[in-house]
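The stops below are meant to be taken in order, one selection at a time.

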Amino acid sequence: MLSGVYGSNEGLENTPNSPPGCLLPPPSPLVSDRLIAQRAKRLGIPVIPGHRAVLTQPLDHRGTPARLHPGNETAQRILAEDMRARTACLWATPCGRGCSIRANYQSTTVHLPPALSSGNLDIRTDAMVHEVTLGRDGRASGVNFIDRTSGKQQHAAARVVILAASACETVRILLNSKSARSPQGLANSSGKVGRYLMDTVGSDVSGQVPLLESLPPLNEDAADGHQLYVPWWLYQEQQAGKLGFARGYHIEFNGGRRMPGYGTAAGIEWLTGGSYGLKFKQDARRYYGSFVYFDGRGEMIPNENSYCEVDPKVRDKWGIPVLRFHWQWSEHERGQAAHMQRTFVDIIEAMGGKPRDPPQTDGAKAIAPGGSIIHEVGGAIMGSDPKASVTNRWCQTWDVDNLFITDGAVFASNADKNPTLTIMALAWRAADHILERMRRKEL
Ligand code: SF4
């Protein structure tokens, strides 16, 4: 209701319905999306509107602030003004470069402006935090950081320290916060800091579809991806042991007549065999908009062999020890990647198209390298046992009660869903918990 997520309720096991009023209406799909949906459905593959945090209509700035901040009129007023200033999407610009009208949900435009308006937030930039400091009582007293502009060592004092530096950087700070009390690094009595790193399982296939060639020019301004997507669907086959791997993946796909690029010029040689002059122009016009791209995003099961630790020899330019990484996919992730390849090629062929490359049947070759999908999570996992995890369910470290972690490091598993909105939900829950405990003077 504050982020603004579009989508639809389809009653699927993988994508449970949201409460009424939560989802905004999804945008209209592209021509290529519609063709993918039609042909994928013939193969028994469900295609539904994606869930994406982009406003398709203005937010309810009258009702939502009171629900989010009951009894706090100042917060309600600030939030209502800020929500009113956010505008519905124009469908015309690349969201990855930031959204000046704030239709796109991102912390810099949605959460930080109202927090700054409250007068209770200072943002300190260019600060390379490398260590959490402890008081004599063993509780966190603040952080040490290097000012990147002056190179000087500085300290920020705190009643509560919350690390949200991204999973691996948070781990790095904890492991570099060594003391006589915590020689293995802070909050690491379990020995689990740095352990169970995960990324998303990724594999991709592209292809060309003659049915989409030489379409008349039309306005295809749309969401920057994810009008439609495929949630994981093969539960029954998996239960019957037909797949050979655990867990599942979703499919993101793209097509359409966007900004022409490599894929519409030099990238057509695999179809034309190479052309020049007038023939090249004709080929470019013919093939522009006829390409489709499929990306699988699957669940990785945490394992003992995927972890990071402080490198004993290498330091960054600030003199801060860096991390070194160890990574191992299991047969489950490799099996998913090989299955993605076969599925994407099946869909392209069902569209009457051809894949650019044959499907890679070797999962070890089909899978993207660990870390490359940049959904790194884990490393300071939450759990119910202090001996087997780093934080409790409130993202509070077991060892230091005023130290919290609110990024992806606390993920104990990495479902196929992209992690950002789950990170935000966990952070919100932790923030509510911290506020309540501060009110009770317990923190
Ligand atoms: S397309 Fe993306 S960047 Fe452009 S208005 Fe919509 S959300 Fe913002």
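What follows is a tour through a sheet, several salt bridges, some aromatic pairs and a serine in a loop.

This is a predicted model, in which local features need pLDDT of at least 70 and side-chain atom pairs count only at pLDDT 80 or more, while totals for chains, interfaces and linings use all residues. Residues are numbered from 1 along each chain as its sequence is written, and side-chain values use heavy atoms, with hydrogens and water left out.

**Stop 1: the sheet**

Select strands E4, E5 and E6, which form an open sheet of three strands in the order E4-E5-E6 with antiparallel pairing; helices (H or I, at least four residues) and strands (E, at least two) are DSSP runs, numbered from the N terminus, and two strands pair if DSSP finds at least two bridges between them. Strands of a sheet pair through backbone hydrogen bonds, either parallel or antiparallel. Strand E4 (127–134) and E6 are at the edges with a single partner strand each, so one side of each has no neighbour in the sheet. On average, and with direction ignored, neighbouring strands of this sheet are turned by 30° against each other, where the axes are lines fitted to C-alpha atoms (for helices over the stretch in contact) and angles run from 0 to 180 degrees between N-to-C directions.

Look next at the contact between E4 and E5, where seven bridges hold the antiparallel pairing and Leu-134 stands opposite Ala-140 in E5. E5 and E6 form a hairpin with five residues between them, and Gly-151 in the turn has a positive phi of about 75°.

**Stop 2: salt bridges**

The structure holds 18 salt bridges. Another of them is found by selecting Arg-102 and Asp-82, whose side chains meet at 2.5 Å, N to O. Because Arg-102 lies in the loop between helix H3 (73–85) and helix H4 (107–110) while Asp-82 lies in helix H3, the pair ties together parts that are 20 residues apart in sequence. Both Arg-102 and Asp-82 are buried.

Now select Arg-139, Asp-401, Glu-436, Arg-437, Arg-439, Arg-440 and Glu-442, which are linked in a network of salt bridges. Within this selection, the side chains of Glu-442 and Arg-437 meet at 3.1 Å, N to O. Glu-442 counts as partly exposed at 37% relative accessibility, whereas Arg-437 is buried, with a relative accessible area of 13%.

**Stop 3: aromatic pairs**

A pair of aromatic rings is described by the distance of the centres and the angle of the planes. The structure holds seven aromatic pairs, for which rings of Phe, Tyr and Trp (its six-membered ring) must have centres within 6.5 Å, planes under 30 degrees apart counting as stacked, over 60 as edge-to-face and the rest as tilted. Select Trp-233 and Tyr-249, an edge-to-face pair at 5.8 Å centre to centre with 85° between the planes. Trp-233 lies in the loop between strand E9 (228–230) and helix H7 (235–239) and Tyr-249 in strand E10 (residues 249–254), so the pair ties together parts that are 16 residues apart in sequence. Both Trp-233 and Tyr-249 are buried.Phe-294 and Phe-344 form a stacked pair, 5.7 Å centre to centre with 20° between the planes.

**Stop 4: Ser-8**

Finally, select Ser-8, in the loop between strand E1 (5–6) and strand E2 (23–24). Ser-8 counts as buried at 16% relative accessibility, and, not counting residues up to four places away in sequence, touches Leu-23, Pro-49 and His-51 (contact means heavy atoms within 4.5 Å).

Definitions and conventions: Buried < 20%, exposed > 50% of the residue type's maximum accessible area, 1.4 Å probe, protein only. Salt bridge = Lys/Arg side-chain N within 4 Å of Asp/Glu carboxyl O.
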